[in-house]
Amino acid sequence: MVKRTRQIGLCLGADICWPICFEEILKRLELNIPWNGETLEFHVERVTIEPFNLRQPVRYDVVIDRLTHWYYTAREWIKKAVVMNDTYVFNNPWSIQSNEKHTSYCAMMRLGMPIPDTWMLPPKAYDSYADLEATLKRYARVFDLGEIGAKVGYPHFMKPYDGGGWRGVTRINNEAELRTAYEASGTSVMHLQAAVLPFDRFVRCIGLGPQTRVVNYDPDAPLHDRYRMDIDFLDPKDRQVIEDITLTINAFFGWDFNSCEALLKGHEWYPIDFANACPDSQVTSLHYHFPWLIKANLRWALFCAASGRRVRRNLDWSPYFEIADQPGDWREKLPRYAALAREHFELEAFEDFCTTHLGHLDAVADEFFASPVAHDAVRQKVEALYPAREIDSFTHLFFQRIQHWRQQESQATGG
Ligand SMILES: Nc1ncnc2c1ncn2[C@@H]1O[C@H](COP(=O)(O)OP(=O)(O)O)[C@@H](O)[C@H]1O
Ligand SMILES: [Mg+2]
């Protein structure tokens, strides 16, 4: 049979640990997948930064992108690769560029989800611009910040409309704090969002293609303890709601890899942060959940590379809006949104691919995550983040949590 090599490119920034694990497990899988009369092999390499001719070929079938949201040469190279060379990329770079957190709130409000009440404010200060003075003089209405604060209610959160990484997020408890925070906000365009406090649960759900992982999250813990290690902390109905919300958001925006933060208060789930173009992938925060991410990433990348999946040419929101505009509660509509999402992510074909061709992934990953290469990947990441005196202890902690994951996996599969 003719051999064909599918190329996977990793477009990376500061990532250290997950690419090492991704590359090593892929090598150990020794894939030879029969596909339409050919045999597919897979090759992964890291994308380099260099000048490029817009017409030059791109050798990647799939690019896993971690740079687009801030490094624009990479973003424009990826756009060219999608438009001219049919490369598949996650995530859709146009969608990342244009659909800020703000749009994600609006869109999910339109689908009926109980996003907490949110206001947008004009910025406190401006960079100079030729038409600025004339525009503001004519059209900027004087407003009473205290009045808006009272409408949103206290406490609430002030945060940038295009937020990420906790940058510029302030909890506001009263009008005086609101005025102080607004004074300090400078040129940032801010939201005020009603607080869901106190909450009963904080979850972060990671979506990768049609795969999801719901994690119990403690925002007040130190970074290495925020992702909790309990897995059966939700009843199946709540778990389904979170998974459906996450897949709906991701398919709606063309984000294959994204995470959704949602808070449970009483019987209602409130999604609060779900436009994360470059979700946390580091062993130093994911630890116990890190192997799940590596496997999910491999499965989805391999499926996309093998099947020749194409980036959707437009984001057609109409099927979602048609459901949204019908009468009824959003919870009744959610399974229908999620069905569209699972179709978008080709769930059936994907599961079939994994069963048929990646049956040995669990065993290969299990063996790998006990290996010196895995240990070294953890250590390299820890070395990059922690002071010298803490490197041994944190490397040990994260590696032990991975071993804990291995034990639980092997119990679950009866191994
Ligand atoms: N509406 C809210 N209710 C309760 N807590 C919130 C709310 N908005 C933000 N927070 C808290 O602030 C943190 C950062 O806000 P978030 O919207 O997640 O910003 P970022 O995009 O920077 O992660 C959240 O993880 C949560 O702890
Ligand atoms: Mg967040």
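Author: Start with one pair of residues in this predicted model. H156 stands opposite I172 in β8.

Reader: What holds strands of a sheet together in general?

Author: Strands of a sheet pair through backbone hydrogen bonds, either parallel or antiparallel.

Reader: In which order do the four strands form the open sheet?

Author: The order is β6-β9-β7-β8, with antiparallel pairing.

Reader: Why are β6 and β8 said to stand at the edges?

Author: β6 (118–121) and β8 (170–172) each have a single partner strand, so one side of each is left without a neighbour in the sheet. Neighbouring strands here are turned by 25° against each other on average, direction ignored.

Reader: Which strands does helix α6 lie across?

Author: Helix α6, residues 145–152, lies across β6, β7 and β9. Its angle to β9 (190–194) is about 40°.

Reader: What makes α10 and α13 roughly perpendicular?

Author: The label covers angles of 65 to 115 degrees. The axes of α10 (residues 290–307) and α13 (residues 347–357) cross at roughly 100°, which falls in that range, so the two helices are called roughly perpendicular. Their axes come within 10 Å.

Reader: Which residues make the contact between α10 and α13?

Author: From α10 they are R299, F303, A306 and S307, and from α13 they are A349, F350, F353 and C354. By class, the residues of this contact divide into six nonpolar, one polar and one charged.

Reader: Why is ligand 1 said to lie between domain 2 and domain 3?

Author: Domain 2 (117–194) and domain 3 (201–412) both give residues to the shell around ligand 1, so the ligand lies between them. The protein chain also has a domain 1 (2–98). The centres of domain 1 and domain 2, taken over C-alpha atoms, are separated by 39 Å.

Reader: Which residues come nearest to ligand 1?

Author: Of the 18 residues around ligand 1, those are F157, G163, V196, P219 and D273. The elements that give two or more residues to this shell are β7, β12 (257–265) and β13 (268–273).

Reader: How many residues of the shell around ligand 1 are nonpolar, polar and charged?

Author: Ten are nonpolar, four are polar and four are charged.

Note on methods:
Residues numbered from 1 in each chain as written. Chains lettered and ligands numbered in written order. Predicted model: local features only at pLDDT ≥ 70, side-chain atom pairs only at ≥ 80, totals over all residues. Pairing = 2+ DSSP bridges. Axes fitted to C-alpha atoms, helices over the stretch in contact; angles between N-to-C directions. Contact = placed C-beta atoms within 7 Å. Near = placed C-beta within 6 Å. Nonpolar A, V, L, I, M, F, W, Y, C, P; charged D, E, K, R; others polar. Domains from an automatic or database assignment. Parallel < 35°, antiparallel > 145°, perpendicular 65-115°, else oblique.
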